[in-house]
Amino acid sequence: EHIHYALALAQALAGDLASAQVNLRRAIELEPRNRLIARQDADFAPLAHQAPFRSLLYPDKNAW
């Protein structure tokens, strides 16, 4: 799960948001704590409010 998280971060920073979303989703599936870690990760902060990442990081808010 660490590799998926690190890959997601590298892809996000490189601008490959689609691949970053796939790898972040997998990292969260393998280790749910990665959701909280990504929420607090400053490198993911600019992406946290974009639809694909928002649904991964804050799934409870999608139910509203």
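The largest nonpolar core has 15 residues, and among these Tyr 5, Leu 24, Ala 38, Phe 44 and Phe 53 touch the most other members. At least two residues of this core come from each of helix H1 (2-14), helix H2 (17-30) and helix H4 (51-57). The model is predicted, and the values below are computed from it.

- Leaving aside residues up to four places away in sequence, Ala 38 is in contact with Tyr 5, Leu 24, Phe 44 and Leu 57.
- As a general background, nonpolar side chains tend to be buried together in soluble globular proteins.

**Aromatic pairs**
- Two aromatic pairs are found when the whole structure is searched.
- Tyr 5 and Phe 44 form an edge-to-face pair, because their ring centres lie 5.6 Å apart and their planes stand at 75°, where an angle over 60 degrees is the cut-off for that class.
- This pair links distant parts of the chain, since Tyr 5 belongs to helix H1 whereas Phe 44 sits in the loop between helix H3 (33-40) and H4, 39 residues apart.
- Phe 44 also pairs with Phe 53, in a tilted arrangement with 6.4 Å from centre to centre and 40° between the planes.

- Tyr 5 counts as buried because its relative accessibility is 11%, the limit being under 20%.
- Phe 44 is likewise buried, at 1% relative accessibility, and Phe 53 is buried with a relative accessible area of 1%.

Definitions and conventions: Residues are numbered from 1 along each chain as its sequence is written. This is a predicted model: local features need pLDDT of at least 70, side-chain atom pairs count only at pLDDT 80 or more; totals for chains, interfaces and linings use all residues. Side-chain values use heavy atoms; hydrogens and water are left out. A nonpolar core is a set of buried Ala, Val, Leu, Ile, Met, Phe, Trp, Tyr and Cys residues joined through side-chain atoms within 4.5 Å. Buried means under 20% relative accessible area, exposed over 50%, partly exposed in between (1.4 Å probe, protein chains only). Helices (H or I, at least four residues) and strands (E, at least two) are DSSP runs, numbered from the N terminus. Contact means heavy atoms within 4.5 Å. Rings of Phe, Tyr and Trp (its six-membered ring) pair if their centres lie within 6.5 Å; planes under 30 degrees apart count as stacked, over 60 as edge-to-face and the rest as tilted.
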